[in-house]
Amino acid sequence: MRLEMLYSKIHRAVVSDANLNYQGSITLDEELIKAAKLLEGQKVDVVNLCNGERFTTYVITGKPGSGEVCLNGAAARKVAIGDKVIIIAYASFEYEEAVLFCPQIVFVDDNNHIVCIRNEKKI
């Protein structure tokens, strides 16, 4: 049996831009991508804490150190600059893998700079 489990997330990032006239995706600071162990093109869910929107898109790489969290294309209509969002990635695991896996949780400040990274399994 395979289980869909939390793989990683960027917690309470602040939307820095919304670009309707661009291909759909979410542009993220390269440092955030690396910290969350994401890949360019990887599918992610975005949860908007300000309006309750939840949608799926894919990651594209932004300038490292920029703090960029930009929603592009149609997703730009689901956020406003300044909204807080959670960016979530999932992975498929066999049961035995799932019980041992520790998701990567990246906490950021209001400028989307990394405050801490947690990847400890709580049992």
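This is a predicted model: local features need pLDDT of at least 70, side-chain atom pairs count only at pLDDT 80 or more; totals for chains, interfaces and linings use all residues.

Which side chains meet in a salt bridge at 3.6 Å, N to O? I find E30 and K34. My salt-bridge rule is a side-chain nitrogen of Lys or Arg within 4 Å of a carboxyl oxygen of Asp or Glu.

Numbering runs from 1 along each chain as its sequence is written, and side-chain values use heavy atoms, with hydrogens and water left out.

**Salt bridges.** I count four by this rule. E30 and K34 both sit in helix α1 (residues 30–35), four residues apart, about one turn of the helix. Helices (H or I, at least four residues) and strands (E, at least two) are DSSP runs, numbered from the N terminus. E30 is partly exposed at 26% relative accessible area, and K34 is exposed at 59%. For those words I use under 20% for buried, over 50% for exposed and partly exposed in between, with a 1.4 Å probe and protein chains only.

Next I looked up K78 and E53, whose side chains meet in a salt bridge at 3.2 Å, N to O. This pair links distant parts of the chain, 25 residues apart: K78 is in the loop between β6 and β7 (84–94), E53 in the loop between β4 (43–48) and β5 (54–62). K78 is partly exposed at 29%, and E53 is partly exposed at 29%.

K84 and D110 form a salt bridge at 2.6 Å, N to O. K84 lies in strand β7 and D110 in the loop between β8 and β9, so the pair ties together parts 26 residues apart in sequence. D110 is exposed at 54%.

**Sheet.** I traced nine strands in an open, mixed sheet, ordered β2-β6-β3-β5-β4-β7-β1-β8-β9. Its edge strands, β2 (17–19) and β9 (114–118), each pair on one side only. Pairing here takes at least two DSSP bridges between two strands. β8 (residues 104–108) and β9 pair antiparallel over four bridges, with F107 opposite C116. They form a hairpin with five residues between them, and N112 in the turn has a positive phi of about 65°.

**V69.** I found V69 in strand β6. Is V69 buried or exposed? V69 counts as buried because its relative accessibility is 0%. Its contacts (heavy atoms within 4.5 Å) include V15, I26, L28, V85 and N112. The C-alpha atoms of V69 and V15 are separated by 5.1 Å, though the two are 54 residues apart along the chain.

Definitions and conventions: Lists of a residue's contacts leave out its neighbours within four places in sequence.
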